[in-house]
Amino acid sequence: GGGGGMHEALVLEGYQHHALMRIGQPSNVAPDKCRPRCGANPEPLGAREDQQLLQARASAVRTYRWLQGLPSNVERLSMSGMQLEVDDAILVEDFLRRRGRNLVELDLKSNRLDCKALLHILAGLRHTPKLAGLALGENPLWQGAASSQLGKLLGDTLEQHCPKLERLGLGGTGLQDDDVKFLAAAIKSHSSLKQLGLSGCKVTRTGVESLALAAGSARTALHTLVLTRFLLLLLHDSR
């Protein structure tokens, strides 16, 4: 009857949607007509299946397929030098949200991530409670929307969402003294962060002094500050 035909149409639209998604193409099927596929190895789509994510999957097909091929319990994720940009960062955020619970190391060095892309990465870090190492060096974080708040964004994320982070690499990201002040405020009460890399940044003596003061806090673990490729400052004895 008419009801059966309508049901069949919905089923076909659902298969069309998931087939397009699997090859990284945008779907023109309305969200209310899509349901997660059942069967072996279903791909959890979740509430973030919005237009922005669909567009990112269509634009950054290589990154989407690469992330899809990773094991669900991945502990170390290296995407250094993969020319990642904003759409790739949206996919990384979605990956971390769904599968980042066991992640210990995240390497995003030497990409094209600006501050707009960083916002997506930082949002994903809310779902990586075990993260101990984060490398963001050699990315143009000083560019893009919200770049004036770069230091605050990093400091807030460190303080609120990365309690176990031990190593943070920010060399070559354009950080300045004002940014470092926000980082220092977060580091002052961070009991895990031991090493901070700032080589190639625009940090002067003022910024270094703010970090040195933070390292003097009884609650901080920070003991190593990398200022250049040839200058490593030991802030206090690491025990």
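## Surface and overall architecture

In this predicted model, the chain has an accessible surface of about 12600 Å², and carbon and sulfur atoms contribute 51% of that area. The chain holds 239 residues, of which 46% are buried. Its secondary structure comprises 8 helices and 7 strands. Among contacts in the chain with a separation of 6 or more, 79% are made by residues 24 or more positions apart.

## Helix 7 and helix 8

Helix 7 spans residues 177–187 and helix 8 spans residues 205–215; their axes come within 9 Å and cross at roughly 0°. Angles under 35 degrees count as roughly parallel, and the two helices, helix 7 and helix 8, are therefore roughly parallel to each other.

On the helix 7 side, the contact involves Asp177, Val180, Lys181, Ala184 and Ile187. These residues meet Thr206, Gly207, Ser210, Leu211 and Ala214 of helix 8. Sorted by class, the contact of helix 7 with helix 8 contains 5 nonpolar, 3 polar and 2 charged residues.

## Cysteines

| Residue | Relative accessible area | Class |
|---|---|---|
| Cys115 | 0% | buried |
| Cys162 | 3% | buried |

The cut-off for buried is under 20% relative accessible area. Cys115 counts as buried because its relative accessibility is 0%, and Cys162, at 3%, is likewise buried. With a disulfide taken as a pair of cysteine sulfur atoms within 2.5 Å, the count of disulfides comes to 0.

Note on methods. Residues numbered from 1 in each chain as written. Predicted model: local features only at pLDDT ≥ 70, side-chain atom pairs only at ≥ 80, totals over all residues. Heavy atoms only, no water. Axes fitted to C-alpha atoms, helices over the stretch in contact; angles between N-to-C directions. Helix = DSSP H or I, 4+ residues; strand = E, 2+ residues; numbered from the N terminus. Parallel < 35°, antiparallel > 145°, perpendicular 65-115°, else oblique. Contact = heavy atoms within 4.5 Å. Nonpolar A, V, L, I, M, F, W, Y, C, P; charged D, E, K, R; others polar. Buried < 20%, exposed > 50% of the residue type's maximum accessible area, 1.4 Å probe, protein only. Areas by Shrake-Rupley, 256 points an atom, 1.4 Å probe, with all protein chains shown as cover.
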